[in-house]
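Please examine the sequence and the structure together while reading.

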Amino acid sequence: MSTENSATAATGIAVDVGAAPAPGAAPRPATTPLTPKATRGGTVLAALGVTAFSLTFPATAWGLEGFGPWSLVTVRSVLAAVIAGSCLLALHVPVPQRRHWAGLAVVGAGVVLGFPLLTTLALETATTAHSAVVVGLLPLTTALLSALRTGARPSRGFWIAACAGAAAVIAFTVQQSGGTLTTADLYLFGALLICAAGYTEGGRLARVMPGWQVIAWALVMCLPLTVPGAVVALSHEPLHLTGHAVAGLLWVAVGSQFLGLVVWYRGMAVIGIPKASQLQLAQPLLTLVWSVFLLGEHLSPAAPLTAAAVLVCIAVTQRSRG
């Protein structure tokens, strides 16, 4: 499959997004010189991913109206894997090289299984506002793991802005939840760590294969676990199909689990893992906005001030050079 020309024309990203190298072929360069237009294109893709992710918690809350937590997580993964596998078959995408399998397993454990399951369990007892704290910490954690895993060395200004933005989001979300710690926090902090690992490994793999193939193969690799898991969960948990439940399931399966990760990994591959991760500082605030319209939650007057602070931090991190 070769889609380099069409992808470049559509996004302005001057990088190869064709098929992964054939066995025995020379590996692609890890980095490609970026023009301002390419950087803007990568930022837009990452921002689209953040927008898709910001709907995940409200959609999960809808899904839990009709599905049990284990059913929702396994069924969403199976549906996303069916879509991803169909795309891989239709485009005759070759199986990834063996050296990439371990990385894909980390992606699967982090963003296909771990994060969805732990956050869904948390949302059984916590509000979306409280659960959003994990997303406030995720950019900083991802940048830290990226520095350890890939050798990235962002500047001091980058780290100051990233920490300030994370602190603003954490303070806002904790204040919204009353500042109390619940059992759900254990799930949330676990989700934070495992998702950051999945994002870091996925961003690294997206530099040597198209980003959509990273998440597609990760979803397919998880099928031996998610298919029997869905069968068992559906047979033991109550099922009440409602409009909200079906809509929530479809969004977390198609929007969050597949399409959102496609553009997210592509954006990370272009602008780098640390900078892309800082765009997620806006995700908790977007989630709270969706929660007002979709779930009827109420926001405090601190929301506009926090939004302004976060936007400033994002602007600083995007201009910082490692």
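## Helix α3

In this predicted model, the buried residues of helix α3 are T56, F57, P58, A59, T60, W62 and G63. The helix spans residues 56-63 and is mostly covered, with 7 of its 8 residues buried.

## The chain as a whole

The protein chain contains 15 helices and 0 strands. Of its 322 residues, 53% count as buried. The accessible surface of the chain amounts to about 13,800 Å², and carbon and sulfur atoms account for 71% of that area.

Where the residues in contact lie at least 6 apart in sequence, 89% of the contacts join residues at least 24 apart.

In soluble globular proteins, nonpolar side chains tend to be buried together. The largest nonpolar core of this model has 68 residues, and the members that touch the most other members are V111, Y199, I215, F258, W264 and Y265. Helix α12, covering residues 243-271, gives the most to this core, with 9 residues. A second, separate core has 7 residues, among them F67, V78, A230 and A245.

Which residues does V111 touch, leaving aside those up to four places away in sequence? The list consists of P116, C195, G198, Y199, I215, Q257, L261 and Y265. Of these partners, Y199, I215 and Y265 are also named with V111 among the core members that touch the most others.

Q213 is found in helix α10, which covers residues 211-221. Is Q213 buried or exposed? Q213 has a relative accessible area of 1%, and because buried means under 20%, this residue counts as buried.

Q213 can also be located relative to a residue elsewhere in the sequence. Q213 and L104 are 109 residues apart along the chain, and their C-alpha atoms are separated by 10.0 Å.

L79, L234, L239, L241, V246 and L250 make a nonpolar surface patch of about 510 Å².

Why does V246 count as partly exposed? Its relative accessibility is 36%, and partly exposed residues fall between the 20% limit for buried and the 50% limit for exposed, so V246 belongs to that class.

Note on methods. Residues numbered from 1 in each chain as written. Predicted model: local features only at pLDDT ≥ 70, side-chain atom pairs only at ≥ 80, totals over all residues. Heavy atoms only, no water. Core = buried A, V, L, I, M, F, W, Y, C linked by side-chain atoms within 4.5 Å. Buried < 20%, exposed > 50% of the residue type's maximum accessible area, 1.4 Å probe, protein only. Helix = DSSP H or I, 4+ residues; strand = E, 2+ residues; numbered from the N terminus. Contact = heavy atoms within 4.5 Å. Patch = residues over 30% accessible without salt bridge, like charges linked within 9 Å, V, L, I, M, F, W, Y side chains within 5 Å. Areas by Shrake-Rupley, 256 points an atom, 1.4 Å probe, with all protein chains shown as cover. Salt bridge = Lys/Arg side-chain N within 4 Å of Asp/Glu carboxyl O.
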